[in-house]
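Time to open the notebook and look some things up. I'll jot down each thing as I find it.

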Amino acid sequence: MALAQDTQAESAGAERSAGLNVITVTAQRREESLQDAAIPINAVSGDELERTGVVDATQLNKVAPALYVPEAGGANVGYFIRGVGNFANNGYTNPAVAFNLDGVYIGRPSSTVASFLDVNRVEVLKGPQGTLYGRNATGGAVNVIPNAPRLGVLEGSVSAQYGNYEAIETTGVVNLPVGDRVAVRMATTYSERDGYYDDGTGEKEDFALRGQIFFEISPAADIRLSADYSTQKGTGPGVDVDGVYTFAPFTPDATVPNWQFIAAPPSVREPFTGLFSPETLEFIEDNATAAPLYSPVEGYDYPYRDDKYWGVNAEFNLDLGGVDLVVVPAYRLSELDNQFNGAPFKSGLNKDKAEQFSIEGRLSGDSGPLEWLLGAYYFDESVEGLNSYNQFSTVSFQDFASTTESAAVFARASYSVTEDFRVVGGIRYTDESRSIDALSISTTGVCLRESAFGPPSCQQVPTIPVGLTLRDSLEQLDPALFPAGSPLDRPVPYGAFPYGPFGPTGPQALLINTPTEIERTSGDDEITWRAALEYDATPDNLIYASFETGFRAGGFNLTFGQEEYDPEYIDAYTIGSKNSFFDNRLQLNFEAFYWDYRGQQLAALGVDDRGNNSFYTRNVGQSSIKGAEVDFQALLTETTLLRGGVQYLDATYDTFVYDQVDLSDDTDPPNFLTPITGCDYTQNLGAQRSFTIDCSGRPALNAPDWTINLGVQQTFEMRDFEVIATLDGRYRSERVIGFNYLPTGNADEDLTIDASISLVPYDKGFTASVFVRNLTDEAMRSLYQLGAANVASPKFEPPRTFGVRVGYDF
């Protein structure tokens, strides 16, 4: 849905142009108006993003109903389009939705601060982008395009914003002409705020800087160089506690078979209470037990972020006389250093360094009725990571280095059969190779004190301390806890060690260190293609139909028994229409779609084949996604704009089946220690017991049946300026937001309202605005996870925020 209307006249006395203005997009690697782009796309201008309060990718659902971007923990951000995506994007998973900044694919899109600085527009492409974009774009793509330097123009702006939660934001932009053929553009922003959660979490401090320089070498050649740097500090996203799932074998009215949900008291479940509030910690300590050590669940480490990102890229354009050449080289580096509690862990520690280099070249031209494009792409990424995920009784220590090389060639052509009818085709060949060299150590505390009634109990044995490495954790333990000697006393600290105070019959527990070494290489190659028909029924009415394929390469897991996963594939069918009526006073667009996924990848928390907790990617099966979307803009009067969109979505997993190890003993009866899931399951009895979990027929994740956006913009014209008032509402029906399909893990339907009043000069000068977002203070769950000690934790989208912004344009 395009939410762009030019609200500034050239001068105080200038008359408005008739009809609506539309955004120019480059989603098909060429400039065209949004209404002429025969693809499923939402686009929004930078000015409208500012007015609607979109400052990062997590808020893009306000303007693109198909997109969800939940925050998981630390720098982990998930991207979903119409139910397709991942809950997180760590150092060894790949997103299903490609994030592209300034035409450059970002392999680890964990930060979007610099991306949303001095933005020209954002494009959200829905469905596979298997020809022009290719890598990891089976669900779609998000393109963020910054403003470029302008020749011969001296302009800029400064602004400051203050709001509740002590939120402060300052931004500055300047465009400098340097002679007739050179221009420089600089932009910077700094923002901070207190945490949304009562325990102080959700606090942030962000900084971003971008510099660009543009050279017009000749009328036929130019080059633009860009560099950006950003940091993210604070605590990262917070987490609440909903309750605890406790073991209740063969209880008739259990919440799920053999597991009873104990809801936290209202003072804990209240949104934005936070994990570290005293009442939350007391509830967890009284009700949660972390198997298999069964010692007190206490000592959560407070989260922090200190992440850094920077990149350089260039765009070279050359007119070869009827043929245009574009070359885009880029280099990016991200350095993560953060700690989080999402799930909630006692602590998750990430220390990753990711480097990527890419280059893309494109030739395009036209010859009579034929428009064509040829291109090549190369991507090289290396990631080195030290991670640990502490769940009190179990810890996964991970030390890995991975590499990915992806090369592709692609072509696109549009042939005009008649003046109004076009046949479009595209094809891409991708060859990807990857390798990993990793050591994953699973550390587990096992209580040996059996109880005649109830589970074991090791109340005097401390849980495993938080540390980035095994040595870091073990060095924090009193050596007296290891009567037979600490694991650190051995050349290799693996095996089982007596642990904890001795009881009448010996040690109370064992500490077991189990290594998993993963050294593998693999690769995939695939041909993806697109075929489409486009028909201009009138100059203002476009009809199109397309079929497109896509694939996402496989990869590696740092998990025993699940070390690799396979590629996923998609076939997508789309019919659509884009229409302008009444001298472009009404724009009405329609899209119907059907997507067929095979081998669909989904990354989430689980249990590996040794029974250790792990985060890994599975090929869960097949899904069918179908629905329709309508969006519109209507200029009711010269100063009244009505806009909106409706999406109906039927996203279902046709087959969603995976195996999970059975942690019960051979002496336990069948279906005893069953998985905590809302799905069906079958126990497999054999040498190693396991469960086959079947979620087939369930709705896809983050895929509400209905999403409705509706807004009105009213302009009041004054002598030297205009006042723009906006009111926007968004409705989303109930949706599943947790991998386990627990009955407690859905997000209820919600309705939010945003409003703003802005004073905008016709030319340059003073600007001011007041705003409120989520006016009704709706509590909107964005993610639901079951973590350490089976504590169920939701995350929330931002509460009601409001503030004032002042600035000066020159």
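Are Glu548 and Arg530 buried or exposed? I looked it up: Glu548 is buried, and Arg530 is buried too.

Before going on, some housekeeping. I'm working with a predicted model, where local features need pLDDT of at least 70 and side-chain atom pairs count only at pLDDT 80 or more, while totals for chains, interfaces and linings use all residues. Residues are numbered from 1 along each chain as its sequence is written, and side-chain values use heavy atoms, with hydrogens and water left out.

**Entry: salt bridges**

Side chains of opposite charge can pair when their charged atoms come close. I count a salt bridge when a side-chain nitrogen of Lys or Arg is within 4 Å of a carboxyl oxygen of Asp or Glu. My search of the whole structure turned up 43 salt bridges.

Back to my opening pair: the side chains of Glu548 and Arg530 form a salt bridge, 3.3 Å from N to O. This one links distant parts of the chain, with Glu548 in strand 28 (residues 541-552) and Arg530 in strand 27 (residues 506-538), 18 residues apart. Helices (H or I, at least four residues) and strands (E, at least two) are DSSP runs, numbered from the N terminus.

I also found Arg121 and Glu123 joined by a salt bridge at 2.9 Å, N to O. Both Arg121 and Glu123 are buried. Another salt bridge has Asp206 and Lys204 at 3.5 Å, N to O. Asp206 has 6% relative accessibility, so I put it down as buried. I noted a network of salt bridges as well, linking Asp118, Arg150, Glu155, Arg185 and Lys764.

**Entry: around strand 28**

I checked what strand 28 pairs with; two strands pair if DSSP finds at least two bridges between them. Strand 27 and strand 28 pair antiparallel over 8 bridges, and they form a hairpin with 2 residues between them. In that pairing, Glu534 stands opposite Tyr544 of strand 28. Strand 28 also pairs antiparallel with strand 31 (residues 568-581), over 12 bridges. There, Arg552 is opposite Glu568 in strand 31. Why do I call strand 28 largely enclosed by the rest of the structure? Because 10 of its 12 residues are buried.

**Entry: a charge without a partner**

Arg193 sits in strand 15 (residues 182-193). Arg193 is buried but has no salt bridge, and the nearest side chain of opposite charge, Glu71, is 6.2 Å away. (Lys and Arg count as positive and Asp and Glu as negative; His and the chain ends are not counted.)

**Entry: disulfides**

A disulfide is a covalent bond between the sulfur atoms of two cysteines. The cut-off I use is a pair of cysteine sulfur atoms within 2.5 Å. I found 2 disulfides in the structure.

One joins Cys447 to Cys458, with 2.1 Å from S to S. The torsion about that S-S bond is about 90 degrees, so the disulfide of Cys447 and Cys458 is right-handed. Both cysteines, Cys447 and Cys458, are buried.

The other joins Cys679 to Cys695 at 2.0 Å, S to S. With 105 degrees about the S-S bond, the Cys679 and Cys695 link is right-handed. Cys679 and Cys695 are both buried. Numbering the bonded cysteines in sequence order, I get the pairing 1-2, 3-4.

Conventions
Buried < 20%, exposed > 50% of the residue type's maximum accessible area, 1.4 Å probe, protein only.
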